[in-house]
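Hi,

Here is the structure I promised to pass along. Have a look, and then read on for what turned up in it.

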Amino acid sequence: MSALKGLVAFVLVCTCTKASAQRVFTASVFAITSRSATLRWDAYSGATSYLITVSLEGSQDIVTFIQFGENTVMGTVNYLSPNTLYNFTVQPLDINQDPLDNITVQSFTAPEMMDPIQNIKPNDSQTLIVEFNLVTGATQYIVRVQNSDGFYREDTVDSSPAAITSLKPYTEYTLSIMAANSGGHSQPSLSVTGKTVLPPLQLYTSSPSNDSIVISWYPIDGAFQYTVAMYDVFSNTTMKQNTTSTNLTFSGLEAGSLFMIMGYGWDAEGRKGEGSLYINQTTRPPTPASVEVSVVMIVDQPVLSVSWELNQEVYGNIEYYVMSDQNLTFNTTSSPFNLSPVGCGEVHTIQVISSNVAGPGYPSIPVEFITFPCPPKSLALVESVEGNCTLSWDMEPYADSYMAYIKKDDGGEIICNTTSNNCTYHCQCGYMFHMYVFAYNDAGPSPPGPEVNYTTLPCCPESVSVSLVSTETLEITWAVSRGADLYETRAADVSEVILCNDTAPVCALSDLSCDSAYSVVVTPCNDMSGCNRACKSHTKDTAPCMPMYIQLDPKNSSCVSVSWTANNRAANYSVSAVGDDGTHTCTSFGSSCDITDLPCGSIYDITVIATSAAGLSLPSYSETLETEPCCPASPTVHQVTQAMTNVSWSHAKGAYTFLTSLTSPRGHASCHTEDFHCLMGCITCGTNYTVTMEAFSHSGHSVNCTYQGFSSSPCCPSGVKMYKMSGNALRLQWRTAGSSHHYIAEITGSNNNYNCTASAGENSCDITSVECGDIYHVVVAPLKPDGSKVSFCAQRVYSVTCTGDDVGTVMYRGKRSVDQ
């Protein structure tokens, strides 16, 4: 007991060592039985041995232990109890027997060895049923199966009884059983033997006749005898036969009946083998009786209707084969059956055979039948005279009479019943006739034979109207004519023929010759009978020809003469000049006329149209007329400087550029511009000018305009000087060129302003009481006739000093523009 306590303390030390170790040590249960356990662990560096201790789950008492050398990594612990949960602790020990690490794994031991299998019985040829006693603690069971041929297999089952499947038929097996839980399995029990039974028969059946069934199978090894059972579904009876052969025949059976067949073998020990699956086999059906044949019409088609008596007391689907010696064979599941196609004048021998899944039965007694006559052939139609037609055909054998059907396309029908080979009837224009003939005898009418279509010539159209819709186009309309598919419209004059083909009752003939008389004929046509060329014509004139070669001859600024060339038989001509102010016209029966009252500055498109009783011609190609531009209103002339003038004017209709001129005996100034103003230099002061202007249009047309004359401003004086007088007086003096104008002198200082005037002919003036010590701007300018001052004369700058209270020195400082 003290040793176990020391061992427990040893385990605790190992546990502490494991907690401080830094390396990973693993162990596992490799194998386990009901009395032992084999463990596997990792080699541990520094270990000189390995200690395995075993304890029960929930207890720290050590049940057993074992120690292994340093090179061992797998070891077995014995003397354990079956079906018990143990803790296995593995510890690597150093040279001092101190633990270096430890790990604990847990596992159940396997159950105790079982009693032998109590009972074995065959279930079928590949399955044995085993019965055994259950063991406490086992979660499942393992059945070990062996035979003398080296077969070995272990099947896992949950309880008793258990089925061992997928075995060989008729084979002896040795079986033992082991109990298993999560830890492993027990040792095998003592073995017992069992044997499977014979395999099932593989049956093959057939019905060679409607009252017998033949059954065969392959022989089975080990079979001593065979048993075959056949169950009649209709009579609810079973027939059974034993045999050592591999085939049997059952005779005297009901035709068309269903039988269920199975079989099995017997071995030499008298054990019954596995039964086969049931196989269904039907005897062949009975022979059809009371076969009858007749002719019936289905959708206007003659067919042979074959009927027979059906036997209702048969199993499954019966299929009937209806055969004729005319190579007609069809199958069906019902009676009667319609046999087709059927030819005319044929003799048929008919038989019916019934068949089911077992095969065909015996054929019925043959029945002969003769069919109806053939249809007439070689149908032909002749229109002997207009409106009368005769339909004829060949005579047919076996025909007693004929029925001809003549149908019109408006739904009308003519029926002709005759014993001859032709019929005559009335056929109007514009109709299509559809014709066919039937032959008759006692068996009924013939099938439809050849058909003939005949279309009479279409009727001539009525309500023909010819109208001129454009200068060279005629539109022809008419009422739809019966029988016409296409209309050919023909227009002809002395030089050409124009054709138009269309399906509509309207036609436009274009590109005709102008000013011509055309004869128009509408001819109806169809594809079957052609065209009716007997329809009357209609006459219509085209519009006059378009005037050509338009020439314009302006007579003055508001009148132009227009001339042209035209070759029309009788026409009036209308000339139109279309501009932004409206339309101006003139008319003539000749080849020219004058358009008057045309305003200035306008552009006109001039065309000529010819008019006759037939209508209007196309307008001639247009010619453009541009009247001379209008003169602007009287311009305004403003003199900017002594030698420069600005002339401005208003907009003038039709004018694009302007050449403005100022003319005098002393010089000439002009400018050419697109603007409505012009700045002109080289103007002489004090001069009378003539003002003229030439206005130009975009195309270069011009007009000369003369306006009221213009007088330039008086000339500014020259040599203007300012002198000191006595006291505070100053004198201004200048030179003139014999001017008769008055002058005004203006002196402007920073504090005071002064002025004086001079009469015509004078060239100086004095200013008194002038304040000295200032700078003065001096301007001397002539006065215009209206009393206003000329504004563009230059100013002079003087400085005036003081000598005491009087004017001192007058000094000239320069000259500058009055605008500065």
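Predicted model: local features only at pLDDT ≥ 70, side-chain atom pairs only at ≥ 80, totals over all residues.

Met74 sits in strand S5 (residues 74-77) and is partly exposed, with a relative accessible area of 33%.

Next, a bit of sheet. Three strands, in the order S15-S16-S19, form an open antiparallel sheet. Its edge strands are S15 (203-209) and S19 (247-250), each pairing on one side only. On average, neighbouring strands here are turned by 20 degrees against each other, direction ignored. S16 (residues 212-217) pairs with S19 over four bridges, and Ile215 has Leu248 in S19 as its bridge partner.

Now the cysteines: there are 16 disulfides in the structure. One of them links Cys344 and Cys374, with the sulfur atoms 1.8 Å apart; this link is right-handed, with 90 degrees about the S-S bond. Cys344 lies in the loop between strands S26 and S27 and Cys374 in the loop between S29 and S30, so the pair ties together parts that are 30 residues apart in sequence.

Another joins Cys772 to Cys802, S to S 1.7 Å. The torsion about that S-S bond is about 110 degrees, so this disulfide is right-handed too. Cys772 is buried at 13% relative accessible area, whereas Cys802 is partly exposed at 37%.

And which cysteine sulfur is nearest to Cys559, which is in no disulfide? That of Cys586, 9.1 Å away. Cys559 is buried, with a relative accessible area of 11%.

Cheers

How values were computed
Residues numbered from 1 in each chain as written. Heavy atoms only, no water. Helix = DSSP H or I, 4+ residues; strand = E, 2+ residues; numbered from the N terminus. Buried < 20%, exposed > 50% of the residue type's maximum accessible area, 1.4 Å probe, protein only. Pairing = 2+ DSSP bridges. Axes fitted to C-alpha atoms, helices over the stretch in contact; angles between N-to-C directions. Disulfide = S-S within 2.5 Å.
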